[in-house]
Structures are given as C-alpha cells and as structure tokens.
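Me: I have a structure open and would like to learn how to read it. Could we go through it together?

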Protein chains: 2
Amino acid sequence: MSRNICIFQNFLTDAHKAQIEAAAAETGFTPHFFTESQFEEAKACLQDYSCEVLYAQSPDLLRTAPAALKWYCASSAGVDYYCAAPDLFANPDCMLTNSNCYGVTISEHTIMVLLMLLRHMPDYEEIVRNRGWGDQFPVRSIRDGEFTILGTGDIGKTVAARLKAMGAAKITALCRSGKSKETIFDEVLPISELDRVLPETKVLIMALPSTPETTGILSRERIALLPEDAYVINVGRGTAVDQEALTAALNGGTLAGAALDVTVPEPLPADDPLWSAKNLILTPHISGNLTLGYTCDTNVAMFCADLKNYAAGRPLVNLVDRERGY
Amino acid sequence: MSRNICIFQNFLTDAHKAQIEAAAAETGFTPHFFTESQFEEAKACLQDYSCEVLYAQSPDLLRTAPAALKWYCASSAGVDYYCAAPDLFANPDCMLTNSNCYGVTISEHTIMVLLMLLRHMPDYEEIVRNRGWGDQFPVRSIRDGEFTILGTGDIGKTVAARLKAMGAAKITALCRSGKSKETIFDEVLPISELDRVLPETKVLIMALPSTPETTGILSRERIALLPEDAYVINVGRGTAVDQEALTAALNGGTLAGAALDVTVPEPLPADDPLWSAKNLILTPHISGNLTLGYTCDTNVAMFCADLKNYAAGRPLVNLVDRERGY
C-alpha cells in the first residue's frame, strides 16, 4: 500500500506542486493537493488514503484526520492553537512542525513601522491628507539607536540583522533561556531580567510565540516601566500585551507610540478602543502572511526537506514541542 | 584685526557652539552666533566685522554680505538656488560649500516609503481608518529585489548600502560620468543609458541635485518606458520629474505607485492634482531636514573640518563647482 500526503493550501504555484511531487516521488509518497475551498474532498482523502502526513493551516481539517496521521506540518510559524488543543490530534503521538519562514517579511514590516514611528510618518500623513505642508517634527534614527527585542527566534534575529546594518548601536535580546547561538545580538538576557531592562528601553520589539508563559508578558505594570519616549512594536501574538493598559498609556502620553500587527481578538471588534488610540499604527495581522514569493518558496522548501527527514526516519528540523508550545 | 565668522542657524545646541568656538579659536577666528529670528543683527555683523565666512542656509542673508566674504558654507546639501543666482555673491570668487550629511536620514526615509509601497501600507491604513480588517494584498520584498538609483552621491550610496543589507539582488546606479568609486553598486552607468535601463526597472530611486542637466530628467516619455508594476521614489529635487505626466501615469494605472518628498513648487498649491494622485505617498520635503541629532552633529563637524582647511589655505572638502551646480 502506498504512503500518502494530504496537502491543503491556497498559496501553491505549479512550480511549488512540482517541487513537492518530486520530493514525494523520491521518498515513496503520493501527494494529494487541495485548495482551501475543497474542505470535504480533503477530509475524504485523509480517510480514504489513511494519509500519514498533512501539510495545511487548518485546525478544522486536522480534527477530521484519522489516527493514521503521524505528522502535521503547519505552514504558519505560530502553533499556539494546536498546542493548546490536544484533542485536535486523533493520534496523540502525531508530530507537529511549524514553518519559520516569516523572518524576512516580518522584519521588513517591522523596519517599516519602526521608521514610521521614529519619523512621525502618521503625523505627516495626516497633514498631507488635509493638503497642508508640514511642521518639522523631531525625528529619531535607527542609526546609533538602542533596541530591545523580546524573542530570539527567526523574526528576532532577522530584525536584529537589519537594525545592525542600518547602524543600530546596541541590541538587547531577551528569551526564556537567556542564551542564543546568534551573534547578531549585543547581549542576550533571560526574560527574568525584563523588569530591569524596560526602564532603559527606547524601542521594544516583541516577536514572541503565544504560550502560557508569554501571555500578558507586557502587563500594565511593565508598560509603566517604559520611558515616556519609548515605542512598542508587536509582531508576535496579541496575547502578549495588555491592550487596555497599552491604550491608556498611549492616550495618556506616557508612551510615545506603538505599532501592533496582532491583537486580541482578530479581527478587532468595531467598538474596540484600540482603533482610536493615539500614536498607534495598527495593521490587520499582515506582517507575515503568505503573499510574498520568498516566504512561499521557503515554506515549501522547509516542508520538502522535512519530508525527506520523515521518510528516512531522521528527526524533523522544525519539530514543535507540543507541551512547551514552540 | 581679527578674522570673523557669522553663523546664522537655528539647529545649534550649546555643544555645537562650543565645538565651533574651539575650532575658531584654534584657527584664529571669532565666531558670532545668530538664530534665524536675528536677521538684522546678523546682517549688521557681516558688515561691521567684515566677516570672511558665513555658515547659514539663507540666500537673503548671503545677498547682504559684503565683498569681504570669501566662503559661504550652506548647511543644506542642495545648492541649486545659490548656483543659479551669481548675484547673491558680492565677491564673485566667494567659495561655496554644501553639507552632504543627509544620507543617513534620507536613506531611512527612502527605506520607509519603499517598504510602504512594496507592502501596500497606504491601502492597509485606509482599511484600518475605516475600522476594517484587511484583504491580503500581494506584497513585494527588498530581499531579492532589483533597484535603479539615479545619483551616486551621499544619498544614493547610503540607500544602496541599506538595500544590500536587506538582501537586494541587484542595484544599478546611474550618474553623469557613469563612474563611481563606490563598490556598493552592482553596476554604474552613465545617464545616457537611462532609456535602456527604465524598461527593466522595478523601483526607481531618484537622488539627484537640481542642475540644468537633471531638470525634467524623468520626462513623460521616460515615465512611459517604466513597466506598469514599477515604483518611483524621488528624494532629490522636484524639478527632476514631470509631475503632470507622473500624476497621469499613477491615475491611469500605468505605474504602480510613487513616493515624492520633493515637488514643484513647495509648498504644493491647494489645488494641485498631485494631492489626489492614486498610489502616491506625498511628504512635505521632510526626508532630510535638520531634526535628527546625527545629521546636525555631522553638519557642524563638516563645517569645523573645512574651517581648519580654510584657515590653513588647503582646498575645502565640500567645495561646490558653482558652474556645474554641485
């Protein structure tokens, strides 16, 4: 009996499909492709072919997979939803991998909103919308600037590399262990040092997965520790920030500005106070989506590489610790 | 009789003044400081002390300077206005220097608007203003991208360094000579190659001084040579672009978008069609102003270095060819 893979993705080009077909043929698998409008067909495929592997971004489809499923490859980087819901997996030993291929696109988003904050771009946009010609706001620069990054994963290190290339003076990164093999950070500290670091932070960039430990990490008390001229950027998960406290700090002028690409909930309800918070650049979770060719190509390449590992019985490179949450 | 310098600037801090005083004392000069609200006092100083040197950004004040003035140091990078009006100088041999210290701040502006164009940020801002949650527009990346830069000066090379650090695949630069000592560009071509380069250009970044040769360089015919998915960014001088043709191309969809920090005239009149051009990020000539500490510090350091050159009879590093215009 042949071994089967169910693939349920909208972003795949013909070239991507050919690449997956080649990797599958090489390893003795048969791939079955479905777009996200073919939910019932994909569900039937999982059952009918007792698929071992599912490459998707769909908790709903995962829930329908039989116990034969041994590996679920999520095309997202964040897998908090899967880790928090073990009942999604009929096979309790099913392996979960994620796709850490969003560093480039999220870092470009981060540099963009960072420069918009430092250079008062929303103020200038407002002036120009009213056909005015601008007063000159004081601007700040990435060059010679200091940055604090929460999270030393793919996003944190890719953002750090761009900040350094633009002349950043110092980058302090914090992560659970306080250790990183990356040399791009000037210092790496454990999260337990956060309260000491915040009062000296000029720009806080948050790129954390959502786990029980990161939920609410930027609490009301910690927002109050930030200097009045500090900026906060969150491109990780909305759960990390006390949104009510952040909104109050922005409106009260005890924080210079913020850029949030992630919120709780998403989409944000029409009456949420965040919509009208002062000096906030809000974007609808777009920093890391699958609309950039490079991101899509890398996503497929990571899946194919781990398919070869899976077939050969080697450890999967992108394996997630379902208990730890990343 | 002592030798005198008139300084007419608003941006100087006490530290900057102390730095200028030290350089002046070392070279046997006496500096006289005025803010831009002290026009009459500065004018009287130029006369009463027969100042040899004026450090300012004021054609009006320069016009009042006596023939004793031997060196006018403009704190701006662009000096087209001074070069076009020889009657500003009572002494026809008066040396003119400019201050090429805007590369860092203008390059950060350029990277910001470039990412905003590539990532459809104005569209997302519009969605969020209406409290909507966004469709996902296709985004483009600096990584693996190709860029054409007009101008190989301080701005062009500083922008190129940032693009390269963010993974740009190829940077083609064009300048009058077709030669540059900078190695950051993948190729440097003479301006005469522009018509050949434009049809292959994805992003055109213009950082040219205003001279008779650069006026109207991005003509209607050349705008038509750009592909429909191309973006144009101008951070040089507004005179370089046929604004009417650019507006028509944007509104007609034959150009994907543009970002202009410079226009003709400035400020833009209230009824100018540019205000409502599609996919245009318009800013009121803010990319290179003296509101960034690094820029101000470098401006003063360049003046002090050339003051020492001047006192020693050495050539001035930032000397402008008044005929050539830069």
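Reply: Gladly! Let us start with one residue: at 10% relative accessibility, A:Ser141 counts as buried. The general idea is that buried means under 20% relative accessible area, exposed means over 50%, and partly exposed is in between (1.4 Å probe, protein chains only). A word on the source: this is a predicted model, in which local features need pLDDT of at least 70 and side-chain atom pairs count only at pLDDT 80 or more, while totals for chains, interfaces and linings use all residues. Residues are numbered from 1 along each chain as its sequence is written, chains are lettered from A and ligands numbered from 1 in the order in which they are written, and side-chain values use heavy atoms, with hydrogens and water left out.

Me: Where in chain A does A:Ser141 lie?

Reply: Look in the loop between helix 6 (121–129) and strand 6 (146–150) of chain A. Helices (H or I, at least four residues) and strands (E, at least two) are DSSP runs, numbered from the N terminus.

Me: Which residues does A:Ser141 touch?

Reply: Contact means heavy atoms within 4.5 Å. Not counting residues up to four places away in sequence, A:Ser141 touches A:Leu118, B:Val104, B:Glu108 and B:Leu292. With B:Glu108 there is a polar contact of 2.8 Å between the side chains. The side chain of A:Ser141 also reaches the backbone nitrogen of A:Arg143, at 3.0 Å. A polar contact is a pair of N or O atoms within 3.5 Å; within protein, one must be able to donate a hydrogen and the other to accept it, and residues adjacent in sequence count only if both atoms are side-chain atoms.

Me: How do I read the interface between chain B and chain A?

Reply: The size of an interface is often given as the accessible area lost when the parts come together. Here the area buried between chain B and chain A is about 4700 Å², and carbon and sulfur atoms give 65% of it. Buried area is the accessible area (1.4 Å probe) that two parts lose on being put together, summed over both. B:Arg119, B:Arg131 and B:Trp133 supply 17% of the area that chain B buries against chain A, more than any other three residues.

Me: How many residues are in contact, and how many residue pairs are in polar contact?

Reply: In chain B, 51 residues are in contact with 51 residues of chain A. Between the two chains, 16 residue pairs are in polar contact (both at pLDDT 80 or more). On the chain B side, the elements that give two or more residues are helix 5 (103–118), helix 6 (121–129), helix 7 (154–165) and strand 12 (280–282). Helix 5 of chain B gives the largest share, nine residues. By type, that side of chain B divides into 26 nonpolar, 13 polar and 12 charged residues.

Me: What rotation superposes chain B on chain A?

Reply: Two copies of a chain are related by a rotation about an axis and a shift along it. In this model, a rotation of 180° with 0.0 Å of shift along its axis superposes chain B on chain A (RMSD 0.0 Å). That is the relation of a two-fold axis. In chain B, the C-alpha nearest the axis belongs to B:Met112, 2.6 Å from it. Copies are superposed by least squares on the C-alpha atoms of residues with pLDDT of at least 70 in both. Also, 100% of the interface residues of chain B are interface residues in chain A, so the copies meet through the same surface.

Key. Nonpolar A, V, L, I, M, F, W, Y, C, P; charged D, E, K, R; others polar.
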